[in-house]
Amino acid sequence: MRVSLRGCLSKMGNLRAFLSITLVFLVSELCLVCCDITDGNTEHLKREHSLMKPYQGVGAQWDFSGSTLVTSSYVRLTPDERSKQGSIWNTVPCYLKDWEMHVQFKVHGSGKKNLHGDGIAIWYTKDRLHAGPVFSNNAHFHGLAVFIDTYSNDDATDRSFPYISAMVNNGSVSYDHGKDGRSSELGGCSAEIRNREHDTYLAIRYSKGRLTIMVDVDDRNEWKECIDIGGVRLPTGYFFGASAATGDLSDNHDIISMKLYQLMVEHTPEEENLDWTKIEPSVSLLKSPKDNIDDPTGNFRSTPLTGWKVFLLLLCALLGIVVCAVVGAVVFQKRQERNKRFY
């Protein structure tokens, strides 16, 4: 049995080309996955919705209330004193369909472990400067709230605090402060954000009906996923804001910056013609919010397919295709050699 060297080289060359194309495809997919969160490119920065040092927009594009103190280095929503409430709100409604908010914040104080509170809330809501019991804001809000809760009010909880969670409300549900909002949250994660010597960040992304919340609190200059959930509907024309409150326990709650970035996303003609200001805030969940009360993970549904999970699935699928192609090539070559014996 003789096999042509030229034929073998030709087959090896074809296989090498196939593997090269597959590798290029994998690298491109990896790049797409790693670009889930914007790198903060200034060309997409929307200054009319951003709060940055030296806070020149305060008074024109931002209003503040309560105990809020604006300095050249930070905006202190509450001092480390009992029974304080403060907030800061953008005066310009946001009409972006797809956006990402980066918040640099600092929570610090003299209180020992479990003897501090209450935390910070980041808002995207219909109303602004509406005082209430939820981190100094209205409990029956319309829109999105992200809570950075530093104190557990529920003695029966098995969660580690500080705890970051999110809630979408159309005004029909009241945030249950006594249970730390557990029955109405979309999900959450624990994060050591208090009394850190380095900067702490939170990213909130809303794009094509998907809400993703990331944190960077370990001084590694990388985002870590906290919440990722689809089926979220938020209207345009709402306001961004931040608020904080203290009770019997206290902390300094500081906002260093809030930077809003526009995401360049294509929408269908039907979506473009939709009046986004008339959308009712809502979430399409796989189970009822009531089912979340006894869920120790605090999630409405199973863990979503994140970017890395999608990439690993693609990688396994493509490797399977490569293996099948190699096996097929070997089998085809063997059959060709077997057929030659009959001539």
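Hi everyone. Before we start, one term: when I say two residues touch, or are in contact, I mean that they have heavy atoms within 4.5 Å. Please also keep in mind that this is a predicted model.

With that term in hand, let's go to Leu 202. Which residues does Leu 202 touch, leaving out those up to four places away in sequence? The list runs through Met 101, His 102, Val 103 and Phe 105, then Ile 122, Val 146, Ile 148 and Ile 164, and ends with Ile 213, Met 214, Val 215 and Trp 223.

Leu 202 belongs to the largest nonpolar core, a set of 47 residues. Along with Trp 99, Ile 122, Ile 204 and Ile 255, Leu 202 is among those with the most contacts inside that core. Strand E5, residues 99-108, supplies the largest share of this core, with five residues. There is also a second, separate core of twelve residues, including Val 134, Ala 145, Met 167 and Phe 239. As background, nonpolar side chains in soluble globular proteins tend to be buried together.

Stepping back to the whole chain, the protein has three helices and 16 strands. Of its 343 residues, 44% are buried. Now take the contacts with a separation of 6 or more: 72% of them are between residues 24 or more positions apart. The accessible surface is about 18,300 Å², and carbon and sulfur atoms account for 54% of that.

Next, a residue I'd like you to click on: Thr 125, in strand E6, which covers residues 119-125. Is Thr 125 buried or exposed? Its relative accessibility is 1%, so Thr 125 counts as buried, the cut-off being under 20%. A polar atom of the Thr 125 side chain sits 2.8 Å from the backbone oxygen of Asp 127. Beyond its neighbours within four places in sequence, Thr 125 contacts Trp 89, the run of Phe 141, His 142, Gly 143 and Leu 144, and also Tyr 238 and Phe 239.

Last topic, the cysteines. How many disulfides does the structure hold? There is one, and it joins Cys 189 to Cys 226 with an S to S distance of 2.1 Å. Its S-S torsion is about -110 degrees, so this disulfide is left-handed. Cys 189 is in strand E9 (residues 187-190) and Cys 226 is in strand E12 (residues 224-229), so the bond ties together parts 37 residues apart in sequence. Both Cys 189 and Cys 226 are buried. Cys 94 has 0% relative accessibility, so Cys 94 counts as buried too.

Methods:
Residues are numbered from 1 along each chain as its sequence is written. This is a predicted model: local features need pLDDT of at least 70, side-chain atom pairs count only at pLDDT 80 or more; totals for chains, interfaces and linings use all residues. Side-chain values use heavy atoms; hydrogens and water are left out. Helices (H or I, at least four residues) and strands (E, at least two) are DSSP runs, numbered from the N terminus. Buried means under 20% relative accessible area, exposed over 50%, partly exposed in between (1.4 Å probe, protein chains only). Accessible areas come from the Shrake-Rupley method with a 1.4 Å probe; for residues, only the protein chains shown count as cover. A nonpolar core is a set of buried Ala, Val, Leu, Ile, Met, Phe, Trp, Tyr and Cys residues joined through side-chain atoms within 4.5 Å. A polar contact is a pair of N or O atoms within 3.5 Å; within protein, one must be able to donate a hydrogen and the other to accept it, and residues adjacent in sequence count only if both atoms are side-chain atoms. A disulfide is a pair of cysteine sulfur atoms within 2.5 Å.
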